[in-house]
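Hi everyone, thanks for making time this morning. Have a look at the chain on the screen, and I'll talk you through the places I'd like us to look at together.

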Amino acid sequence: MMQQGNWTQVKLDSIDKELNLGLAPMPINDDPALNDKIFVDVPSNWVVNKHSSMKQEAKDFLNWMVTSETGRRYIVEEFMFIPALATIPFIPDQLGDIG
């Protein structure tokens, strides 16, 4: 048992792709009515350092990651991240058991 998120799917798959994985809800509020869901969020946030000497290049790369076919494929199939943008299509099975 571990308290992590779907960002660990790639590592778990490297151990055994056939692991039988599941989720257990973790209370996030004292009100039982609010604890009947599983809390999810995007697995990472990418930003550009305001002090970077390569701000435009970093912005171009981030834009490429979410607009190009290759970048979007990596987010979903290689990183197994839940896409943060609705413009990144995916099939739930691509995200593994946790996602």
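Predicted model: local features only at pLDDT ≥ 70, side-chain atom pairs only at ≥ 80, totals over all residues.

Let's begin at alanine 24, which sits in the loop between H1 and H2. Helices here are DSSP runs of H or I with at least four residues, strands are runs of E with at least two, and both are numbered from the N terminus. Alanine 24 is exposed, its relative accessible area being 58%. For that term, exposed means over 50% relative accessible area, buried means under 20%, and partly exposed is in between, with a 1.4 Å probe and protein chains only.

Residues are numbered from 1 along each chain as its sequence is written, and side-chain values use heavy atoms, leaving out hydrogens and water.

Now the overall picture. The protein chain has three helices and zero strands, so spread out that its radius of gyration is 16 Å, well over the 13 Å that the globule rule gives for 99 residues; it is more spread out than a compact globule. That radius is taken over C-alpha atoms, and the rule is 2.2 Å times the number of residues to the power 0.38. Along the principal axes, the C-alpha trace spans about 45 × 35 × 25 Å. Of the 99 residues, 18% count as buried. The exposed surface comes to about 7900 Å², and carbon and sulfur atoms supply 56% of it; these areas come from the Shrake-Rupley method with a 1.4 Å probe, and for residues only the protein chains shown count as cover.

What about contacts along the chain? Taking contacts between residues at least 6 apart in sequence, 41% join residues at least 24 apart, where contact means heavy atoms within 4.5 Å.

Let's move to helix H1, residues 9-15, where we find glutamine 9. Is glutamine 9 buried or exposed? Glutamine 9 is buried, at a relative accessible area of 2%. Setting aside residues up to four places away in sequence, glutamine 9 touches Leu21, Met80, Leu95, Gly96, Asp97, Ile98 and Gly99.

Valine 10 is in helix H1 too, but valine 10 is partly exposed, with 37% relative accessible area. Which residues does valine 10 contact, leaving aside neighbours within four places in sequence? They are Glu78, Phe79 and Met80. Valine 10 and glutamate 78 are 68 residues apart in sequence, yet their C-alpha atoms are 7.6 Å apart in space.

Methionine 80 has come up in both contact lists, that of glutamine 9 and that of valine 10, so please find methionine 80 in the segment after H3, where it counts as buried because its relative accessibility is 11%. Methionine 80 also has a positive phi of about 55°, although it is not a glycine. As background, most residues other than glycine have a negative phi.

Over to helix H2, and to lysine 55. Lysine 55 is partly exposed, at 36% relative accessible area. Beyond residues up to four places away in sequence, lysine 55 touches Val48, Asn49 and Lys50. How far is lysine 55 from leucine 34? The two are 21 residues apart along the chain, and their C-alpha atoms are separated by 41 Å.

Tryptophan 64 is also found in helix H2, and counts as partly exposed at 39% relative accessibility. Tryptophan 64 touches Thr70 and Gly71, again not counting residues up to four places away in sequence. From tryptophan 64 to phenylalanine 39 the C-alpha distance is 29 Å, and they are 25 residues apart in sequence.

That takes us to my last stop, serine 68, in the loop between helix H2 (55-67) and helix H3 (69-78). Serine 68 is buried, with a relative accessible area of 14%. The serine 68 side chain reaches the backbone oxygen of tryptophan 64 at 2.8 Å.

Note on methods. Polar contact = N/O pair within 3.5 Å; in protein donor to acceptor, adjacent residues only side chain to side chain.
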